[in-house]
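This briefing goes through one protein model, topic by topic. Keep the sequence and the 3D view open while reading.

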Amino acid sequence: MIDEVVDIFTDGACSGNPGPGGWGAILRYGEKEKELFGGEPATTNNRMELKAVIEALRQLKRPVRVRVHTDSQYVQKGISEWIAGWKRKGWRTASKQPVKNVDLWQSLDQEASRHQVEWLWVRGHAGHAENERADALARRGVDSVRRG
């Protein structure tokens with residue numbers, strides 16, 4: 001594993017839940033930064049939170065150490081605590097229900113497997129500069145969907 005460390009800050013947003021949604025991400029490697037955003041016309045906040053991380057990880061061209069900073073406990077706990085059990089149970093929850101957003105969880109699992117990832121939860125809307133920026137990017141994603 002390469003010693004390079006990439007910090008990724010992500011957020012998702014939805015106008016209505018479900019409704020038009022957006023995702024945003026900032027990738028930082030040393031002094032370099034890249035901002036990404038996108039959206040979907042009919043989605044949920046949780047799907048956009050997942051999509052932000054997936055799209056950010058897809059930008060990485062080779063295996064690296066990654067610190068993902070997310071304000072979504074759904075993403076942070078899902079990938080670091082719950083996913084192993086879901087996979088063991090054939091993508092079923094403890095109550096034997098199908099895992100929601102399984103398509104995105106499988107994509108996230110695949111993207112994350114290429115890297116050494118540390119999953120960090122940050123409090124949203126609490127003045128964390130990069131989280132606020134990721135939120136603004138996610139809202140741009142919502143706006144881009146609304147404008148068509």
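Two residues are in contact when they have heavy atoms within 4.5 Å of each other. By that rule, and not counting residues up to four places away in sequence, Ile-8 touches Ile-26, Leu-27, Ala-56, Leu-57, Leu-60, Val-66, Arg-67, Val-68 and His-69. The model is predicted.

**The nonpolar core**
- The largest nonpolar core has 29 residues, and those that touch the most other members are Ile-8, Leu-57, Leu-60, Trp-105, Leu-108 and Trp-119.
- Two or more residues of this core come from each of S1, S2, helix H1 (45–58), S4, H2 and helix H3 (102–112).
- H1 gives the largest share, seven residues.
- In soluble globular proteins, nonpolar side chains tend to be buried together.

**Helix H1**
- The 14 residues of H1 should span 20 Å at 1.5 Å a residue, which agrees with the 20 Å between its end C-alpha atoms.
- H1 is mostly covered, since eleven of its 14 residues are buried.
- Among the buried residues of H1 are Met-48, Leu-50, Val-53, Ile-54 and Leu-57, and also Arg-47, Glu-49, Lys-51 and Glu-55.

**Helix H4**
- H4 takes in residues 129–147, 19 residues in number. From its first C-alpha to its last, H4 reaches 27 Å, close to the 27 Å expected at 1.5 Å a residue.
- Glu-130, Asn-131, Ala-134, Asp-135, Leu-137, Ala-138, Gly-141 and Val-142 are the buried residues of H4.
- Seen down the axis of H4, these buried residues fall within an arc of 160 degrees, so they line one face of the helix.
- An α-helix has 3.6 residues a turn, so residues three or four places apart point the same way.
- The cover over the buried residues of H4 includes strand S1 (5–14), strand S2 (19–29) and strand S3 (32–43).
- Arg-146 and Arg-147 are exposed residues on the face of H4 turned away from its buried side.
- After H4 comes Gly-148, with a positive phi near 85 degrees.

- Is Ser-72 buried or exposed? Ser-72 has 6% relative accessibility, and buried means under 20%, so Ser-72 counts as buried.
- Ser-72 lies in the loop between strand S4 (65–70) and helix H2 (73–88). Leaving aside neighbours within four places in sequence, Ser-72 is in contact with Glu-49 and Trp-121.
- Arg-67 is in strand S4 and, at 29% relative accessibility, counts as partly exposed.
- Leaving aside neighbours within four places in sequence, Arg-67 is in contact with Val-5, Val-6, Asp-7, Ile-8, Glu-118 and Leu-120.
- Arg-67 and Ala-129 are 62 residues apart along the chain, and their C-alpha atoms are separated by 16 Å.
- Lys-89 sits in the loop between H2 and H3 and is partly exposed, with a relative accessible area of 45%.
- The C-alpha atoms of Lys-89 and Arg-65 are separated by 29 Å, and the two residues are 24 residues apart along the chain.

**The largest pocket**
- The largest pocket holds about 310 Å³ of space.
- Of the 13 residues that line the largest pocket, Val-6, Leu-27, Tyr-29, Gln-59 and Leu-60 are the closest to its centre.
- S2 and S3 are the elements that give two or more residues to the lining of the largest pocket.

Methods. Residues numbered from 1 in each chain as written. Predicted model: local features only at pLDDT ≥ 70, side-chain atom pairs only at ≥ 80, totals over all residues. Heavy atoms only, no water. Helix = DSSP H or I, 4+ residues; strand = E, 2+ residues; numbered from the N terminus. Expected span 1.5 Å × (residues − 1). Buried < 20%, exposed > 50% of the residue type's maximum accessible area, 1.4 Å probe, protein only. Arc of directions from axis to C-beta. Core = buried A, V, L, I, M, F, W, Y, C linked by side-chain atoms within 4.5 Å. 1 Å grid on protein atoms, 1.4 Å probe; cavity = no way out; pocket = protein on both sides within 12 Å on 5 of 7 lines; lining within 4 Å. Points joined across faces, edges and corners; volume = space filled by probe spheres on them.
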